[in-house]
Amino acid sequence: MHVPDGFLGPQTYLPAYGVAGVMWAAGLRRLRARLDAATLPRLAVVTAAAFVLMMITVPLPGGTTVHVAGIGMLAVLFGVWNAFLSLSLVFLLQALLFGDGGVTALPVNALAMGLVGSLAAVGAYGLLRRWSRDAALFAAGWAGTVAAALVMAGVLGLQPLLSRAPDGSPLFFPFGWRTTLPAVVLPHLVVGVADGALALLAGRFLAPQTAPPPPGRGPEAA
Amino acid sequence: MKDRALLLLYLAAIVAATFVHDPARLAAALAAVLLLSGRRAPRVLGRALRAAAPFAAAVSLGWLAASWWQERPAGAALLRLNLRVLLMTCLTFALAARIDLQRALGFSRTLRFALVLAVSQVLTFRRLHADFRLALRCRSPRRVSTATALRHGAATGAWFLRRAEHDAGEIAQALDARGFFLDQR
């Protein structure tokens, strides 16, 4: 889902850096305030797990493949802020170490997947948790992916409206919303199922870490 | 200091590339990046092509088809888009590879700590993921079916979650034993 460098214009990524920068600073401040023996190692290791889970491809009918993003999993296990920081770190590493994604697309990817996706995931989880925890976990994975895809499709479709050459040809991503919405969102309705399954699996394996453990308790309390 | 300066140079070059729209200038910048890469140029170009090709090819083919259907020229826009994408990806592999991220992002102790832990785990997990993929290919005499690929993906995902849980516990205990969190307080 995440966009490489060269497809988003400065009219998009510069304001996005402004918004994401404020969010990153707030997230880091919150993380530092509750730094303990369990939170940071767990966040870093699950960041690495999210990174590698994005490498696991899911085959689709027709010979194409897609990959899970782990948005719902991270949001439910760690809360919105930590999921946002964790996914931002994943995109930074992907962009700078492996040339996947890009630094101009980083704030948009982080805001779409890390923030909007996490908010949608936690919202879906909160709505369904009382009814069935398993259904809530699955819905969190699905909603996180689909919400992020909607934002990405919106941002990509905005590019031809924002920047055009004097001859009318697009300077960056060339397709408008009529193309991006179905092309990006429809496949992610299926990817969301895989992400829902991942969130369900993770929710059963790993205990939620949204609340800090009481002071003085070591990692064995996690 | 050197790493932070290199990171700033890289970011400035990336931003500058998005303000250049003339294909000739983009091509000249791409040639300059490859020339400056010296003997690493073929490797930089190869890695950049492999990284950028899937998304760029899908967008380019789509735009080509739409332009043909609407009988409008597509050449200049396609050339500009692909040259820019290739230039920015080459810049990443040529410059970013020389940056020590942990030093460059050393302004925040928490961020640097999370980065060191995450990168070390990412490198281990990537190698393990490659091992799993190769193992599946080795034990499959024919092309892997969709059902097998799905089962393999699910089993790999579950394994990584279990491994992540285990590693997080181990690292937390190791840090606690060395007094890391006492230093933070």
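This is a predicted model: local features need pLDDT of at least 70, side-chain atom pairs count only at pLDDT 80 or more; totals for chains, interfaces and linings use all residues.
Colleague: What makes Leu86(B) a buried residue?

Modeller: The cut-off is 20 or more other C-beta atoms within 10 Å. Leu86(B) has 24, so Leu86(B) counts as buried.

Colleague: Where is Leu86(B), and which residues does Leu86(B) touch beyond those up to four places away in sequence?

Modeller: Leu86(B) lies in helix α4 of chain B. Leaving out residues up to four places away in sequence, Leu86(B) touches Leu30(B), Ala48(B) and Ala52(B). Leu49(B) is 37 residues away from Leu86(B) in sequence, yet the two C-alpha atoms are 7.0 Å apart.

Colleague: How do you know that the span of α4(B) agrees with its number of residues?

Modeller: Take 1.5 Å a residue. The 21 residues of α4(B) should then span 30 Å, and the end C-alpha atoms are 30 Å apart, so the span agrees.

Colleague: Why is α4(B) called mostly covered?

Modeller: Count its buried residues. In α4(B), 17 of 21 residues are buried.

Colleague: How do you know that the span of α4(A) agrees as well?

Modeller: The 19 residues of α4(A), 80-98, should span 27 Å at 1.5 Å a residue; the end C-alpha atoms are 26 Å apart, which agrees. This helix is mostly covered too, with 17 of its 19 residues buried. Just after α4(A) comes Gly99(A), with a positive phi of about 65 degrees.

Colleague: And what makes the span of helix α2 of chain A close to the expected one?

Modeller: Helix α2 of chain A, residues 39-53, has 15 residues. From first C-alpha to last, α2(A) reaches 20 Å, close to the 21 Å expected. As for cover, 15 of the 15 residues of α2(A) are buried.

Colleague: What is the overall pattern of chain A?

Modeller: Chain A has seven helices and two strands. Along the sequence the pattern is α-α-β-β-α-α-α-α-α. Of the 222 residues in chain A, 59% are buried.

Colleague: What share of the contacts in chain A joins residues at least 24 apart?

Modeller: Consider contacts in chain A between residues at least 6 apart in sequence. Of these, 74% join residues at least 24 apart.

Colleague: Why is Pro170(A) called buried?

Modeller: Set the count against the cut-off of 20 or more. Pro170(A) has 20 other C-beta atoms within 10 Å, so Pro170(A) is buried. Pro170(A) sits in the loop between α6 and α7 of chain A.

Colleague: Which residues does Pro170(A) touch, apart from those up to four places away in sequence?

Modeller: With residues up to four places away in sequence left out, Pro170(A) touches Gln159(A), Pro160(A), Arg164(A) and Ala77(B). Pro160(A) is 10 residues from Pro170(A) along the chain, and their C-alpha atoms are separated by 5.4 Å.

Colleague: How many residues does each chain bring to the contact between A and B?

Modeller: Chain B gives 61 residues and chain A gives 53 residues. On the chain B side, α7(B) provides the largest share, 20 residues. That side divides into 38 nonpolar, 16 polar and seven charged residues.

Colleague: Which residues have the most contacts inside the largest nonpolar core?

Modeller: They are Ala49(A), Ala140(A) and Leu87(B), in a core of 128 residues. Helix α6 of chain A, residues 133-162, gives the most to this core, with 16 residues. From chain B, the core draws at least three residues from each of domain 1 and domain 2. In soluble globular proteins, nonpolar side chains tend to be buried together.

Colleague: Which residues does Ala140(A) touch, not counting residues up to four places away in sequence?

Modeller: With that limit, the residues touched by Ala140(A) include Gly72(A), Ala75(A), Val76(A), Tyr125(A) and Ala199(A).

Colleague: Where do the two domains of chain B lie?

Modeller: The domain assignment gives domain 1 as 2-101 and domain 2 as 107-184. Their centres, taken over C-alpha atoms, are 31 Å apart.

Conventions: Residues are numbered from 1 along each chain as its sequence is written. Chains are lettered from A and ligands numbered from 1 in the order in which they are written. Two residues are in contact if their C-beta atoms, placed from the backbone, lie within 7 Å. Ala, Val, Leu, Ile, Met, Phe, Trp, Tyr, Cys and Pro count as nonpolar, Asp, Glu, Lys and Arg as charged, and the others, Gly among them, as polar. Domain bounds come from an automatic or database domain assignment. A residue is buried if 20 or more other C-beta atoms lie within 10 Å of its own, exposed if 12 or fewer, and partly exposed in between; C-beta atoms are placed from the backbone. A nonpolar core is a set of buried Ala, Val, Leu, Ile, Met, Phe, Trp, Tyr and Cys residues joined through C-beta atoms within 7 Å. The expected span of a helix is 1.5 Å times one less than its number of residues.
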